[in-house]
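Hi there,

Here is the structure I promised to pass on to you. Have a look at it first, and then read my notes below.

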Amino acid sequence: AMSLYSHAFSGNPLRSGPHKTPESVTPESAFLKLKTLFSADRHESHIPNFKVLPFRKGKPLAGAVSGPRWRLGWLNFHEFLGHFGNPPRSVPSEDDFVYLGFNHEDDAVYWAVDTSEEGGGLSDELGAKQLCFVELRTLMVATDWTEAKSMAELAVAGHAKSLLEWHNTARFCGHCGSATVPVEAGKKKRCSNESCKKSIYPRLDPVVIMLVIDRENDCALLSKQSRFVPRMWSCLAGFIE
Ligand SMILES: [Zn+2]
């Protein structure tokens, strides 16, 4: 049953704002810890509570749990490196990690990493855990909208996907054309040209969706695009321009 009072991809439980995040887990301090983990003395450092969500070609890692329910395939830092960071695969660096936020419930810092470049298949262990890369819309239709945990996971995955997509497309400065580099743990980017240094922020696309109803005649106005499969209709939706 669909509740019209909940919205898919909303209600992200992760916090990333400067006033909502404890000092020790701000993007900057979390990124410093991440850097230490990648440095040579990583075994000596305290292992922070990091949860990493790998993506491939826009699809998050996910798997089924009891019955029809699903969960995102969060890995801890070492699990992630074990599955995705071993030669001959290209080893990810701290700059590949995008900060998603901090969760007060489990005291963990959440990250997303695009592993599309890495190209290899999924490791046997991940396959054995029944994890695979799944389209977000597939997860959305598989979600019980009354189950808060799945709705929260969907919101986190949606946020992560949009951030990673933005990192993929905002590769060059719109002002001078030089390459951009991630800063503040991927929360923004900056032009690498020293005389420009323009800051670039994630793109927000305001969109709207609505259901127009005719109460008197008990019907609704739906639309159909030429690319839709047969029998598929949708509410009116689009960008706000
Ligand atoms: Zn520039």
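**Salt bridges and a zinc site**

D106 and K51 form a salt bridge, with their closest N and O atoms 2.9 Å apart. D106 sits in the loop between β5 (97-103) and β6 (108-114), while K51 belongs to strand β1 (residues 50-56), so this pair ties together parts that are 55 residues apart in sequence. D106 is partly exposed, at 24% relative accessibility, and K51 is partly exposed too, at 26%. Please keep in mind that this is a predicted model.

As a bit of background, side chains of opposite charge can pair when their charged atoms come close.

How many salt bridges does the structure hold? There are eight, and I picked out two further ones for you.

E147 pairs with R69 in a salt bridge whose closest N and O atoms are 3.5 Å apart. This pair links distant parts of the chain: E147 is in the loop between α4 (136-141) and α5, R69 is in the loop between β2 (59-64) and β3 (70-72), and 78 residues separate them. Is E147 buried or exposed? With a relative accessible area of 9%, E147 is buried, whereas R69 is partly exposed at 38%.

E79 is part of helix α2 (residues 77-84) and K129 lies in the loop between α3 (124-128) and β7 (131-133), so the pair ties together parts that are 50 residues apart in sequence. E79 has a relative accessible area of 30%, which means it is partly exposed, and K129 is partly exposed at 45%.

Now for the metal. Which residues coordinate the zinc ion? They are C173, C176, C191 and C196, each through its SG atom, at 2.3 to 2.4 Å. The four donor atoms subtend angles of 97 to 115° around the zinc ion, and therefore the arrangement is tetrahedral. Along the sequence, the donor residues follow the spacing C-x2-C-x14-C-x4-C. C173 lies in the loop between α5 (148-169) and β8 (180-183) and C191 in strand β9 (residues 188-191), so these two tie together parts that are 18 residues apart in sequence. C173 is buried, with 4% relative accessible area, and C191 is buried at 3%.

Enjoy exploring!

Best wishes

How values were computed. Residues numbered from 1 in each chain as written. Predicted model: local features only at pLDDT ≥ 70, side-chain atom pairs only at ≥ 80, totals over all residues. Heavy atoms only, no water. Donors = N, O, S within 2.8 Å, 3.2 Å for Na, K, Ca; no water. Tetrahedral: all angles 85-135°; square planar, octahedral: opposite > 155°, others 65-115°. Helix = DSSP H or I, 4+ residues; strand = E, 2+ residues; numbered from the N terminus. Buried < 20%, exposed > 50% of the residue type's maximum accessible area, 1.4 Å probe, protein only. Salt bridge = Lys/Arg side-chain N within 4 Å of Asp/Glu carboxyl O.
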